[in-house]
Amino acid sequence: MTLSTRRQARRAARREARRALPLWRRLLPTWRVTLGALTAVLLLAVGAFAVLYVIVPVPDPNAHAVAQSNTYLYADGVTEIARTGAVNRTDVTIEQIPVATRHAVVAAEDRTFYQNRGIDLKGMVRAGWNTLVGKGMQGGSTITQQYVKNYYLTQTQSIERKGRELFIALKVDQQRGKDEILAGYLNTSYFGRGAYGIQSAARAYYGVDASQLTLPQSAYLAALLQAPSAYDVRTATPANREKAVARWHYTLDGMVQLGFLTAVERAAITFPDPVEPQPTGGLRGQAGYLVGVADDYLLSNGIIDTATLKAGGWRITTTFDQDKQDAFARAVQEQLTDELDPAARPDTDTDVRVAGASVEPGTGRVVAVYGGPDYAKQPYNDALRQDNQIGSTFKPVDLAAGLTSGRSSDDGLPITTESRYDGTSERPVTDGPTPYAPPNEDDVDYGSITLRQAMVKSVNSVYAQEGVDAGLAHVRETALRLGIPDDVPGLDPANTSMTLGTATPSALDLAGVYAALANHGEAYTPWSVSALERVNAGSRSVDVPKMPGHTPATALDRGTADAVTDVLRDVVSTHGTGAAALGLGRPAAGKTGTTDSNLSAWFAGYTPELATTVGLFRENPKTHAKEPLAGTAGYTRVNGGAFPTEIWTAYMSEVLEGTVIQPFDLRPSDGNAGPTHSPSGSPGATTGPTASATTSPSAEASPGGTGGTGGTGTTGGTGHQPPTVPGQSVPTAPKRPTATTRPTEETREPTAEPPQPTLVTPTAQDPEPQPTLVTPTVRPTEDRPTEQPKPTAPPTQAPATTAAPPPATGRPPAATDQPATPPPASRPPA
């Protein structure tokens with residue numbers, strides 16, 4: 001038998017054996033076929049790789065080094081706010097970069113840098129696997145790949161760009177030395193604070209040249225590369241500060257692992273706090289704060305990434321109204337700053353700060369913010385910081401939660417605005433997760449009081465209990481639906497004190513919450529940029545991100561939201577803590593808030609067309625520790641009903657001047673009908689006697705008078721509308737009075753019970769008397785007002801005489817009406 005015949009026989013035998021196999025086995029390829037296929041695929045892959053390696057060129061550097069400025073415009077799309085974004089960078093040679101700095105960057109960003117060939121296959125596989133298993137999106141890029149992306153390509157996230165990055169990185173690694181690549185990477189990377197490159201970063205964070213950086217400083221700058229803006233410990237949130245320090249430790253540990261540092265040297269290193277951020281040129285006045293709010297919106301919503309935005313070339317049209325913005329700054333200056341005298345009162349009139357924001361309820365547009373007096377002098381945006389407790393401005397959230405909880409109060413009936421509670425000061429809260437017995441302001445006992453009355457007088461003991469009755473988890477859920485971020489400190493249902501405002505949302509966050517109430521429960525997330533356009537992309541192809549739409553979410557049903565608004569209108573009355581807002585002269589609703597130890601004071605209020613918040617606090621500029629407001633401008637205590645309400649009123653009066661008065665169109669749910677309101681836009685007494693014209697701090701400014709004069713009000717919370725006569729035009733807001741309408745001491749600080757009340761015998765329709773404010777004859781001096789007696793308001797029996805005059809001397813009033821837990825001690829964000 002010949003050789004050919006034997007081969008044919010073997011093949012025939014194999015075919016016969018294969019035909020004898022089951023069908024499923026015959027469908028599988030043989031090992032010869034499999035091996036051949038794999039070999040072919042491998043050869044094709046190698047060939048394709050070789051072809052791509054040859055045809056993908058190393059391009060010219062991109063235009064990043066000559067990046068353009070960003071232009072920010074007011075809402076009119078014409079008026080310029082500021083120009084920013086030109087790249088702040090000075091290139092340095094590798095010899096000018098300390099060895100410790102180079103080692104720190106390698107330990108933080110690519111520990112295989114000196115061994116790999118431009119790419120790290122293991123790192124890429126590991127990053128891909130971690131992404132698939134849910135450990136977050138990870139890139140696995142080497143320093144060489146990141147340098148290629150920064151220097152030759154763009155930040156666009158695409159498979160095509162990633163593929164080009166890989167081949168160019170291989171070529172660059174072959175053509176250039178490691179030191180040249182590392183220098184290029186350090187000169188093109190963004191470190192935050194507008195600093196591109198290690199030289200600019202060294203100047204921005206430590207005020208030194210790159211050549212003078214110490215090892216601890218180098219490790220911190222290396223840590224910044226992962227999240228430049230978020231990891232700036234001078235402006236970061238407490239959570240991000242912890243992450244930044246953890247990344248710093250990770251970098252130092254890596255240096256030990258790679259042999260760049262001994263364990264003994266590592267143990268002796270302490271964290272090197274950077275210097276305070278220095279203001280960017282061209283951002284003086286209010287411009288820097290507006291740019292900060294716009295940038296925060298673009299970045300936090302993922303519309304554009306930090307590096308692309310900072311590279312410049314963008315035309316950004318914001319939602320800010322220039323007239324409203326100027327009015328906000330003017331209101332703060334006239335109502336607060338002009339009252340301060342740091343020379344005469346250096347211990348109390350310094351370091352006073354204001355945070356404010358103004359939002360359109362029907363659109364969510366941010367029309368104005370107040371982040372500070374001048375960005376060039378104070379480069380922190382107080383409008384965005386989340387480290388000041390909001391106090392009793394949280395009580396409307398408690399009320400809304402109670403109305404929607406389906407639960408009952410102590411009387412066994414569903415919670416409504418007219419549910420009655422025990423207003424005894426320091427009454428222990430029952431069924432709370434932690435013991436809590438908050439005092440009322442000035443330790444006043446109210447006895448049995450409705451939730452409406454308790455809101456008007458800001459009675460702590462009532463709302464601490466009501467929040468627990470509503471369910472603290474439900475209170476938190478309601479707060480989140482209305483717009484308070486879920487990660488702010490103090491919004492913890494495990495602590496009973498949450499009910500009285502231990503949460504720390506920003507002024508802008510809080511404005512969004514109150515805008516949702518004004519919009520009948522429909523909540524918009526506040527937004528501050530309406531258009532993002534590319535000015536001139538030059539030689540680069542840059543995608544213009546699509547701006548998101550703005551659709552409201554139903555946070556509360558209309559009946560609930562309108563019931564809360566109806567109660568909050570009574571706060572803006574002669575008997576409410578927001579009495580100073582009566583000077584607006586049109587329908588308004590709002591709530592004051594003052595925190596424990598007088599560390600902050602707030603007023604959040606709205607008309608149908610605009611919601612505005614104003615917060616006041618003092619802060620040590622070096623330690624960032626909060627300081628009491630007591631003594632500011634010579635006042636013993638500064639409550640939310642004082643400067644914050646006055647600033648709010650001055651601002652709202654100016655921006656709404658001459659516009660048509662919009663009445664509240666309220667439809668409160670069943671069981672939440674309130675008392676009769678006056679037709680002037682200000683409610684009469686919630687219960688109790690009608691106030692005389694002399695008791696209002698701005699009776700003349702309120703059309704139609706106050707306290708029920710000038711017509712009949714409506715019942716059930718749909719009043720506050722100006723009287724109309726057939727044939728007459730719709731009234732508009734009155735012109736601002738030329739004379740000052742600033743309330744004097746007692747009306748400046750409307751406490752839970754005014755210090756010098758005149759008690760009036762109630763009528764049959766008013767079973768529970770309420771005190772009427774008495775205007776003092778003189779303003780307080782630098783000696784500060786002395787303590788007034790603490791009256792109580794019995795629920796069923798009215799005193800027959802006027803309270804006795806105050807003593808000549810005494811200690812200042814006790815702590816304010818808000819939570820007993822202290823605010824966070826962490827450094828505030830910018």
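A residue is called buried when its relative accessible area is under 20%, exposed when that area is over 50%, and partly exposed in between, with a 1.4 Å probe and protein chains only. The structure is a predicted model, in which local features need pLDDT of at least 70 and side-chain atom pairs count only at pLDDT 80 or more, while totals for chains, interfaces and linings use all residues. Residues are numbered from 1 along each chain as its sequence is written, and side-chain values use heavy atoms, with hydrogens and water left out.

The chain contains 23 helices and 14 strands; these are DSSP runs numbered from the N terminus, helices being H or I with at least four residues and strands being E with at least two. Of its 830 residues, 54% count as buried. Among contacts (heavy atoms within 4.5 Å) between residues at least 6 apart in sequence, 74% join residues at least 24 apart.

Thr-496 is situated in the loop between α19 (472-482) and α20 (507-518). This residue counts as buried because its relative accessibility is 0%. When neighbours within four places in sequence are left aside, Thr-496 is in contact with Val-429, Gly-432, Pro-433, Thr-434, Tyr-436, Val-468 and Leu-472.

Helix α10 (residues 215-224) has 9 of its 10 residues buried and is therefore largely enclosed by the rest of the structure. The buried residues are Pro-216, Gln-217, Ser-218, Ala-219, Tyr-220, Leu-221, Ala-222, Ala-223 and Leu-224. Their packing partners are α4 (99-109), α9 (198-206) and α11 (238-257).

A salt bridge is defined as a side-chain nitrogen of Lys or Arg within 4 Å of a carboxyl oxygen of Asp or Glu. By this rule, 33 salt bridges are counted. One of them links the side chains of Asp-349 and Arg-345, with an N to O distance of 2.8 Å. Asp-349 counts as buried at 3% relative accessibility, and Arg-345 counts as buried at 12%. In the salt bridge between Arg-427 and Asp-422, the closest N and O atoms are 3.9 Å apart. Here Arg-427 is buried, at 14% relative accessibility, whereas Asp-422 is partly exposed, at 33%.

Asp-442 and Arg-637 form a further salt bridge, with the closest N and O atoms 3.3 Å apart. Asp-442 lies in the loop between β6 (420-422) and β7 (448-450), and Arg-637 in the loop between β14 (626-627) and α22 (643-656), so the pair ties together parts that are 195 residues apart in sequence. Both Asp-442 and Arg-637 are buried.

On the surface, a patch of positive charge is made up of Arg-6, Arg-7, Arg-10, Arg-11, Arg-14 and Arg-15. Patches consist of residues with over 30% relative accessible area and no salt bridge, like charges being joined within 9 Å and nonpolar side chains (Val, Leu, Ile, Met, Phe, Trp, Tyr) within 5 Å. Lys and Arg count as positive and Asp and Glu as negative, with His and the chain ends not counted. Arg-11 belongs to helix α1 (residues 3-19) and counts as partly exposed, at 39% relative accessibility.

Conventions: Areas by Shrake-Rupley, 256 points an atom, 1.4 Å probe, with all protein chains shown as cover. Charge placed at Lys NZ, Arg CZ, Asp CG, Glu CD.
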